Amino acid sequence: MRKRLLSVLFYFIMFFCFILQCTLFKRLSFGGISPNLLLITTTSLGFMRGEKQGLLAGFVSGLFVDIFFGDVIGLYAMLYMYIGYLNGKFSRIFYPEDIKLPLALITLSDLSYGMVCYIVLFLLRGRLNFPYFFFHIILPETVYTIVMSIILYPILLTIYKRLNIDEDRSETDFV
């Protein structure tokens, strides 16, 4: 029961981050660049909870983006699913005290996300100006996402620790 409550809470947080990303952070954008909060939550959830939860979180996050902003349903869902799943591979070396590995994973995930979006949405359409796209879109978004992950990741980690302690306590009470 608590695992489902934890999952529902994280999906509510993802929906809340989607709303923030679409409203508040569109107003706080610098040069048209805003942070990717859904990528932060997908990466964090995969890193904290494992491959399966990362995959599901990525699918839900990508579906949000596909439904509201995508031209084709499924592109962002697949991309976020891969990101969540691959970050879930690192859950075996999850140490709550360490923030360097999650920041590195969020950075690599955002760079990968930007590169795949460039390849699928621009390169295949004949727009070959990669240095411009990299230095004016991918890199600033990555930096802005890293700055926001320094703020958002400890909040997600605190929620995870709080609910995970309650979950561990209920499992020991059962045994």
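**Entry 1: ground rules**

Helices here are DSSP runs of H or I with at least four residues, strands are runs of E with at least two, and both are numbered from the N terminus. I'm working on a predicted model, where local features need pLDDT of at least 70 and side-chain atom pairs count only at pLDDT 80 or more, while totals for chains, interfaces and linings use all residues. Residues are numbered from 1 along each chain as its sequence is written, and side-chain values use heavy atoms, with hydrogens and water left out.

**Entry 2: E97**

I looked up E97 and found it in the loop between α5 and α6. Is E97 buried or exposed? For the cut-offs, buried means under 20% relative accessible area, exposed means over 50%, and partly exposed is in between (1.4 Å probe, protein chains only). E97 has a relative accessible area of 69%, so I put it down as exposed. I also checked E97 against Y11: they are 86 residues apart along the chain, and their C-alpha atoms are separated by 24 Å.

**Entry 3: S61**

Next I went to S61, which sits in helix α4 (residues 51-69). Its relative accessibility is 0%, so S61 counts as buried. What does S61 touch, leaving aside its neighbours within four places in sequence? I get M14, L38, T42 and Y80, with contact meaning heavy atoms within 4.5 Å.

**Entry 4: α4 on α5**

S61 also turns up in the contact of α4 with α5. These two helices pack at about 155°, their axes 7 Å apart. Axes are lines fitted to C-alpha atoms, for helices over the stretch in contact, and angles run from 0 to 180 degrees between N-to-C directions. Under 35 degrees is roughly parallel, over 145 roughly antiparallel, 65 to 115 roughly perpendicular, and the rest oblique. So α4 is roughly antiparallel to α5.

On the α4 side I noted several residues, including G54, G58 and G62, and on the α5 side Y80, G84 and G88 are among them. The contact divides into 10 nonpolar, 6 polar and 2 charged residues. The classes are Ala, Val, Leu, Ile, Met, Phe, Trp, Tyr, Cys and Pro as nonpolar, Asp, Glu, Lys and Arg as charged, and the others, Gly among them, as polar.

**Entry 5: α3 on α6**

How do helix α3 (residues 37-49) and helix α6 (residues 100-121) pack? I find an angle of about 130° and axes 10 Å apart. The two are therefore oblique to each other. L39, I40, T43, S44 and F47 of α3 make the contact with L101, P102, L105, I106, S109, D110 and Y113 of α6. By class I have 8 nonpolar, 3 polar and 1 charged.

**Entry 6: rings**

Last, the aromatics. Rings of Phe, Tyr and Trp (its six-membered ring) pair if their centres lie within 6.5 Å; planes under 30 degrees apart are stacked, over 60 edge-to-face, and the rest tilted. That rule gives 15 aromatic pairs. Y80 and Y113 have ring centres 5.5 Å apart and planes at 55°, so I logged the pair as tilted. Y80 belongs to helix α5 (residues 75-88) and Y113 to helix α6, 33 residues apart, so to speak linking distant parts of the chain. Y80 is buried at 1% relative accessibility, and Y113 is buried at 11%.

F134 and F135 pair edge-to-face, 5.2 Å centre to centre with 85° between the planes. F135 is exposed at 54%. Ring pairs also join Y118, F122, F130, F133, F134 and F135 into a cluster.
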